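Here is a short briefing on one protein chain. Have the sequence and the model open as you read.

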Amino acid sequence: MSNLTFNFFFALDLISAFCFIAAMLAHYLLKDITIGGRTIHNTMVLAPMAGLGHIALRQLISEFGGFGLLFTGMCSARAVPFENQKISPVFRWRQEELNYLVCQIFGSEPDTMAKAAIRIEKEGFFGVDLNFGCSVAAICKKGAGAALLRDPRLCFRIVKTVRDNVSIPVFVKFRTGWKNSPEFAVDMAKGFEDSGADALTFHPRVAPDRRSRPPCWEQIGLVQDAVNIPVFGNGNIFTQEHGLKMFRQTGCQGLSIGRMAVARPWIFAEWTKGFKPDNNIFSGTALEMARIPSIHYDEHYAVKLFKKFSVYFCANFKFGHQILKELLKQETMTDLRNTLESIFEKRPEILSGPNQNLFV
């Protein structure tokens, strides 16, 4: 057999394997699950994130479609009851997205979280997400986010108080804890369910770990086995192979996609709708993201949001650090668009997966 013939059949095998993985993954993703009495028809969702799940990114993702739910950025429960949608940087949405949008809140007091949830329900959101996972120092110092995992009783009281005050689905995102204890994670999951949570997003890393070690996916399986509500697995899902492996290894009922949804906003459409991105998708998406923030924010804040996005987007390229450096120099959206056009004229080399040195 000649090398040409061998390469041809090897390529066919790769294509067949890829199609098989895509078909198997779609079997898990394109199904109905019920969350707090409401049904979604797609189990691939945007992860609750801080500073990234803003209205501009969500609009960009929505242009591609293919997701089950989207989550807002992290909103302060103290502020939400008094926020003005038109001027708030985070408590802001498009009316058409409310049917599939979950509002993420952080706080440390049951009554404060409940008052925020009441406002969220009144506005028509699909659900409310309670953050027990953020390990950023500024949040933990307020006794919120992952800091709450030090006081399980308070966690459960927050969930129960929210549950008693709203009828919309209540989601909880949490981590393993402050020590690597699968038993603790399982006990927390049971407690959240008993307190009234309708679904869990579980990130299997300890709170102090800012992705210095791989997530312990096996703990997702332990958590899902311990409860009767849907668990969305979260952490290092970069490829379709990863997604399929997580479903098979853990038995979770859905995938919660974070950084990859920022780097490749079309990932939901690709995995659930068979969308076939070409090389032009990168330039087109970057330029679109350099347009949308200006619809919703002033120039200064729009530039700030694009620069946050660019860290993850630049991880797609072989020389992503150099591209990022050029983008971070720019001070206006016009300058960003001009720089992007110049960058993509040179056709930067695209990586098969994200550069982990940028994916922090």
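A residue counts as buried when its relative accessible area is under 20%. By that cut-off, six of the six residues of strand 6 (residues 127-132) are buried, so the strand is largely enclosed by the rest of the structure. Keep in mind that this is a predicted model.

**The chain overall**
- The secondary structure comes to 15 helices and ten strands.
- The chain has 360 residues and a radius of gyration of 21 Å, which agrees with the value near 21 Å for a compact globule.
- Along its principal axes, the C-alpha trace spans about 65 × 50 × 35 Å.
- Of the 360 residues, 56% count as buried.
- The chain exposes about 15900 Å², and carbon and sulfur atoms supply 53% of that area.
- Take the contacts between residues at least 6 apart in sequence: 72% of them join residues at least 24 apart.

**Strand 6**
- Which residues point which way from strand 6? G127, D129 and N131 point one way, while V128, L130 and F132 point the other way.
- Both sets are buried.
- Strand 5 (residues 101-106) runs parallel to strand 6, and four bridges join the two.
- D129 in strand 6 is the bridge partner of Q104.

**Helix 15**
- Helix 15 covers residues 333-345, 13 residues in total.
- From first C-alpha to last, helix 15 reaches 18 Å, close to the 18 Å expected at 1.5 Å a residue.
- Which residues of helix 15 are buried? They are M333, L336, T339, L340, I343 and F344.
- Seen down the helix axis, the buried residues of helix 15 fall within an arc of 125 degrees, so they line one face.
- The general rule behind such patterns is that an α-helix has 3.6 residues a turn, so residues three or four places apart point the same way.
- The cover over the buried residues of helix 15 includes helix 11 (280-289) and helix 12 (293-296). It also includes helix 13 (299-313) and helix 14 (320-328).
- Just after helix 15, R347 takes a positive phi of about 50 degrees.

**R259, a buried arginine**
- R259 lies in helix 9 (residues 259-263).
- Is R259 buried or exposed? R259 has a relative accessible area of 11%, so it counts as buried.
- Leaving aside neighbours within four places in sequence, R259 is in contact with M49, R211, N236, F238, Y312, F359 and V360.

Key
Residues are numbered from 1 along each chain as its sequence is written. This is a predicted model: local features need pLDDT of at least 70, side-chain atom pairs count only at pLDDT 80 or more; totals for chains, interfaces and linings use all residues. Side-chain values use heavy atoms; hydrogens and water are left out. The expected span of a helix is 1.5 Å times one less than its number of residues. Buried means under 20% relative accessible area, exposed over 50%, partly exposed in between (1.4 Å probe, protein chains only). The arc is that of the directions from the helix axis to the C-beta atoms. Contact means heavy atoms within 4.5 Å. The radius of gyration is taken over C-alpha atoms; the globule rule is 2.2 Å times the number of residues to the power 0.38. Accessible areas come from the Shrake-Rupley method with a 1.4 Å probe; for residues, only the protein chains shown count as cover. Two strands pair if DSSP finds at least two bridges between them.
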